[in-house]
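Open the model in your viewer and keep the selection panel at hand. The stops below run from one chain-to-chain contact to the inside of a single chain.

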4 protein chains.
Amino acid sequence: MIIILKEHPDQQKLNGLVTWLKDKGFDIHSSVGANHTILGLVGDTSQIDIDLISANEIVEEVKRVQEPYKNANRKFHPEDTVIKVGNTEIGGGNLTLIAGPCSVESEEQIVEIAEAVKKSGATILRGGAFKPRTSPYAFQGMALEGIRLLLKAKEKTGLPICTEIMDANQLPIFEDIDILQVGARNMQNFSLLKALGKTNKPVLIKRGMACTYQDLLMSAEYVLAGGNPNVILCERGIRTFETYTRNTLDLASIPSLKTLSHLPVIIDPSHATGRSALVPSMSMAAAAAGADGLMIEVHNDPPHAKCDGPQSITPEMFDNLAPKLFTIHNLA
Amino acid sequence: MIIILKEHPDQQKLNGLVTWLKDKGFDIHSSVGANHTILGLVGDTSQIDIDLISANEIVEEVKRVQEPYKNANRKFHPEDTVIKVGNTEIGGGNLTLIAGPCSVESEEQIVEIAEAVKKSGATILRGGAFKPRTSPYAFQGMALEGIRLLLKAKEKTGLPICTEIMDANQLPIFEDIDILQVGARNMQNFSLLKALGKTNKPVLIKRGMACTYQDLLMSAEYVLAGGNPNVILCERGIRTFETYTRNTLDLASIPSLKTLSHLPVIIDPSHATGRSALVPSMSMAAAAAGADGLMIEVHNDPPHAKCDGPQSITPEMFDNLAPKLFTIHNLA
Amino acid sequence: MIIILKEHPDQQKLNGLVTWLKDKGFDIHSSVGANHTILGLVGDTSQIDIDLISANEIVEEVKRVQEPYKNANRKFHPEDTVIKVGNTEIGGGNLTLIAGPCSVESEEQIVEIAEAVKKSGATILRGGAFKPRTSPYAFQGMALEGIRLLLKAKEKTGLPICTEIMDANQLPIFEDIDILQVGARNMQNFSLLKALGKTNKPVLIKRGMACTYQDLLMSAEYVLAGGNPNVILCERGIRTFETYTRNTLDLASIPSLKTLSHLPVIIDPSHATGRSALVPSMSMAAAAAGADGLMIEVHNDPPHAKCDGPQSITPEMFDNLAPKLFTIHNLA
Amino acid sequence: MIIILKEHPDQQKLNGLVTWLKDKGFDIHSSVGANHTILGLVGDTSQIDIDLISANEIVEEVKRVQEPYKNANRKFHPEDTVIKVGNTEIGGGNLTLIAGPCSVESEEQIVEIAEAVKKSGATILRGGAFKPRTSPYAFQGMALEGIRLLLKAKEKTGLPICTEIMDANQLPIFEDIDILQVGARNMQNFSLLKALGKTNKPVLIKRGMACTYQDLLMSAEYVLAGGNPNVILCERGIRTFETYTRNTLDLASIPSLKTLSHLPVIIDPSHATGRSALVPSMSMAAAAAGADGLMIEVHNDPPHAKCDGPQSITPEMFDNLAPKLFTIHNLA
């Protein structure tokens with residue numbers, strides 16, 4: 001950590017600051033320049049709150065050298081994390097396809113889609129039971145009954161289930177669910193993250209619409225620091241000024257997150273673009289960029305889907321797409 | 001609602017769409033242009049999910065005419081909402097000052113600050129007991145003990161309390177709290193919003209970092225639709241590419257939100273800028289732009305504050321600022 | 001075009017507006033709803049200035065149905081535009097590799113790099129002679145001498161040249177240059193775009209950092225409307241809150257722009273990411289997403305490059321990458 | 001400048017880097033930490049290109065301590081720059097009102113508006129002759145004839161003229177113009193900035209839609225480094241995801257830019273919001289935040305304005321607003 005002091009700092013306050021830092025166990029290197037004095041902190045600064053230093057009136061700016069996350073940091077865990085779900089492994093060189101409808105609507109629907117995507121190569125079924133909707137008047141999901149139907153589909157197809165949890169108090173209901181998904185709007189719901197850190201279930205965290213790679217890794221750190229090592233990162237588009245697509249899919253997140261962290265990185269091209277016509281090309285791009293997996297919305301009747309119809313592809317489109325994804329993955 | 005069809009739509013599918021819309025109670029006006037056919041829906045479209053229409057394969061685009069919120073909409077509630085808290089009223093021409101530290105640290109601290117800001121003209125005390133922090137290693141607040149100390153400060157000064165609730169299961173603890181604050185990161189925590197809609201306490205909702213005015217009003221709509229009419233909107237900066245300030249304070253939100261809605265609008269210049277030196281000028285700007293109130297972080301010892309020290313002003317600065325704010329408010 | 005009127009519009013003003021619109025040759029369809037009256041304009045609205053209507057005091061909002069560009073619009077030109085440069089064609093199913101250093105530094109440098117990238121499969125040489133730099137103190141390029149050296153490299157290798165033009169008055173100097181590049185910072189330099197519209201040279205327009213797909217197509221429209229049909233679109237990242245990468249590469253621009261327009265779309269992963277380590281994966285992703293070409297910075301000695309060293313890959317890396325790109329292109 | 005090295009840097013490469021830096025005249029302080037070695041550069045780094053260092057393969061990251069601009073930096077010029085235009089001074093505690101139509105349309109129009117705004121307290125007339133429009137089909141301004149009419153209005157009212165220059169080759173035409181405006185879309189048109197640096201006329205630079213405070217100050221630095229000290233900064237909104245307003249007005253730019261620089265800061269609430277109804281409140285907010293002036297679009301017949309009608313206020317609205325602005329300015 002680098003502390004840049006204001007010009008002509010009060011000597012007594014400087015001594016106070018240096019003493020305080022030494023008490024915290026840091027070694028201090030000081031460089032006196034023409035216009036600035038700089039203090040370099042030597043020691044483990046990953047858990048120090050930068051504001052505690054920058055509020056000091058003799059400090060102009062504080063710059064981090066070390067990342068503020070440790071459990072999620074590849075520097076301290078060079079090997080890829082591989083997460084076992086059912087018979088599938090996420091990470092470590094695999095391309096995992098997670099597919100299914102935005103929301104569960106009926107037993108026939110979820111089972112039919114599950115069977116179709118399984119045949120095409122998907123190894124995990126997705127489907128929403130509790131749906132976070134921006135409008136209180138929109139369909140909010142089938143709730144408990146949705147969970148029941150997802151487990152039915154699991155029973156019939158053997159596919160593990162990934163579905164969204166919205167609140168820590170829902171944990172008992174999710175006991176038989178395989179992957180607990182944290183939505184983009186809950187990425188910084190720290191109560192929920194803390195609760196998930198105390199479970200041992202795989203947690204898939206979606207990047208918030210205004211969150212940096214570091215913010216996402218800090219949310220992962222909440223779960224990891226709680227004792228749960230099974231975290232999957234998911235990019236699903238960030239919010240920008242471009243309105244043609246629902247969000248802006250940031251595929252550079254794949255190599256970037258995989259450099260910064262050892263956790264697997266999944267791409268959701270459906271929510272990222274909001275347009276089914278863009279899903280195949282963005283899925284192929286993600287595979288080419290080295291994604292560990294894709295989460296794709298597949299619906300057997302998009303025009304009548306109860307939510308997110310415009311971004312859902314059909315089982316036929318998915319069946320056409322999946323083999324291309326595996327071929328590109330093997331090439332890249 | 002305007003439905004723009006693709007060129008040469010299949011006539012049978014068009015008939016199906018029109019029948020479905022008429023069944024929902026809408027009148028349909030159709031305009032046939034050179035390149036596009038347009039359907040105009042007449043009726044109350046505020047509660048219709050736009051995706052249900054745009055997923056139809058003959059539809060190119062759907063544009064809303066009516067806003068998707070109704071309870072929060074000034075068109076249906078032309079009068080300003082005024083919210084009574086203790087002896088203060090928020091909205092309806094008042095300028096309410098909410099002040100206090102980022103987090104409660106001790107009885108001495110919170111009481112001393114409460115007394116100071118009260119003397120300067122603040123009528124509501126703020127202070128965090130449960131703190132949402134991006135790092136799991138940062139100070140997370142005093143929790144229950146923090147709530148106890150806030151109520152102590154209320155007892156001693158008579159100031160009503162505004163503090164952040166992070167989870168619906170905390171509601172019993174907040175029974176004596178006057179204003180329940182929903183943080184920017186929880187603005188779209190719909191489980192929490194639904195629970196707050198069932199209380200009758202004033203709820204202050206902070207705008208999320210990537211949320212539009214409409215998104216904010218939709219979150220307000222969740223609370224209002226639940227039966228709780230006491231919602232206060234709070235702008236606290238959005239995330240942009242500019243990094244000199246922590247966020248970008250969007251003061252045009254004041255006249256915009258007050259045009260779109262009847263709910264009071266409060267500005268938080270402390271979180272918006274992240275720099276105490278910018279707080280006075282941004283507070284005056286907010287008052288000049290017609291804000292119903294300001295929420296300002298005041299700490300008696302910013303360099304040793306347990307959080308957000310860099311953005312906290314001192315009681316002296318606040319005492320110097322407050323009279324200017326009232327003068328500008330009366331002018332504007 | 002849809003005109004949404006305010007509630008209870010003044011009838012005389014409404015008559016005036018309708019007459020003015022009819023005089024411009026539009027048919028008007030009017031829908032009277034519960035809260036809104038809507039006018040639908042039938043006719044060619046691509047060239048109408050939306051502000052001329054929305055400034056009217058009885059108008060609440062105007063929404064475009066037809067795109068405001070015509071020459072660049074695929075609806076009116078369904079076939080892909082294919083641009084012939086030397087022996088290469090850009091667009092129409094090809095994958096064109098444009099490679100070379102950020103800036104020309106010496107004859108040895110540019111010729112050596114040109115020969116290397118040609119051998120690896122690049123068919124166009126890039127290199128800056130006039131460099132737009134954010135700092136007046138940074139290297140501004142070799143100017144005229146840089147152009148001379150680029151032409152020397154063309155002579156020796158046969159590769160056509162793509163280089164940036166910064167001002168219309170430089171046109172005579174660029175007489176023998178094959179593709180005139182308009183930088184992101186000049187994307188809305190309309191004086192320059194108008195001048196380029198009067199030439200018949202291929203013009204490669206880079207998307208501005210805060211520009212939408214529509215803005216980019218409007219800049220293309222300036223060149224096309226001037227009579228020059230040879231426009232190439234180039235995505236090079238937009239500016240967002242994420243700072244790990246220099247910009248955020250928006251690969252959904254590829255299928256989106258190709259749907260909206262018939263013009264070829266090129267990706268520049270070097271400026272988009274600012275990090276050479278990300279260039280290979282983003283190049284493969286672009287090829288998988290259907291890009292018509294890639295523009296990649298290649299330098300034989302990145303640590304000593306006079307500009308943009310951190311984002312330049314070496315000839316060896318390029319040689320390793322190029323065959324993968326062609327394989328993926330053929331698959332996708 | 002702080003150079004953070006990768007773990008275990010090659011000792012020979014490190015020696016090479018240190019020698020190269022010392023040759024450039026810097027003193028080097030080195031701190032060896034647990035995971036990182038850090039080099040601190042002591043000396044004037046304002047003109048060094050950060051990329052020349054960060055491209056080195058042993059370097060992980062380079063962080064600036066000193067700002068990359070010197071002429072625009074308040075640290076080296078503590079006194080406010082005051083710019084004399086006609087009988088008015090911009091900066092140094094004044095509030096200057098610049099008002100007039102988006103574009104000059106006729107002699108009657110510009111003279112009538114000039115007389116009105118002068119009476120209300122404006123001391124500079126604005127009006128566009130050359131208009132940068134996103135559409136090639138929109139009104140492009142009256143060009144040369146527009147300049148002639150502006151000078152006519154100056155003759156009749158004595159008001160100095162501020163109007164936009166789009167290209168360096170227009171300089172001779174602008175000989176009698178008092179303030180040369182550089183539009184947001186040309187903020188990084190470095191050819192134009194260099195040409196303006198060689199004149200001695202006041203130059204008003206509008207912040208680009210995706211440009212940081214530092215970018216804006218770097219563009220100012222181009223003009224200042226060329227020898228022209230008369231630069232005025234203008235905030236006119238940045239581009240964000242919010243679409244209710246045309247842009248997002250960033251009023252924290254006022255105290256921020258005035259801290260970083262000695263140059264005057266002007267606010268343009270008209271382009272920032274795109275809505276005339278928001279102009280009065282945002283003007284008052286800007287005055288309260290300490291702006292040195294305002295640039296406001298005033299049109300005598302907004303519904304028939306040839307451009308930007310929706311954001312233009314009438315002379316009556318301006319006359320009502322101006323005295324409030326002076327009162328707030330004197331208070332703040």
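Select chain D and chain A together: four residue pairs, both members at pLDDT 80 or more, are in polar contact between them. A polar contact is a pair of N or O atoms within 3.5 Å; within protein, one must be able to donate a hydrogen and the other to accept it, and residues adjacent in sequence count only if both atoms are side-chain atoms. Strands β1 (2-5), β2 (27-32), β3 (37-42) and β4 (59-63) of chain D each supply at least two residues of the side that touches chain A. Of these, β2(D) gives the most to that side, with four residues. Strands (E, at least two residues) and helices (H or I, at least four) are DSSP runs, numbered from the N terminus.

This is a predicted model: local features need pLDDT of at least 70, side-chain atom pairs count only at pLDDT 80 or more, and totals for chains, interfaces and linings use all residues. Residues are numbered from 1 along each chain as its sequence is written, chains are lettered from A and ligands numbered from 1 in the order in which they are written, and side-chain values use heavy atoms, with hydrogens and water left out.

Next, select K75(D) and E60(A). They form a salt bridge, with the closest N and O atoms 3.2 Å apart. The term stands for a side-chain nitrogen of Lys or Arg within 4 Å of a carboxyl oxygen of Asp or Glu. Between chain D and chain A there are two salt bridges.

Now show the whole contact (heavy atoms within 4.5 Å). Chain D brings 25 residues to it and chain A brings 25 residues. The buried area is about 2000 Å², 64% of it from carbon and sulfur atoms; buried area is the accessible area (1.4 Å probe) that two parts lose on being put together, summed over both. Select V65(D), K75(D) and F241(D): these supply 23% of the area that chain D buries against chain A, more than any other three residues.

Turn to the barrel of chain D. Eight strands close into it in the order β7-β8-β9-β10-β11-β12-β13-β14, with parallel pairing. Two strands pair if DSSP finds at least two bridges between them. Select residues 179-182 and 203-206 of chain D, which are β10 and β11: three bridges join these parallel strands. Which residue of β11(D) is the bridge partner of Q181(D)? The partner is L204(D).
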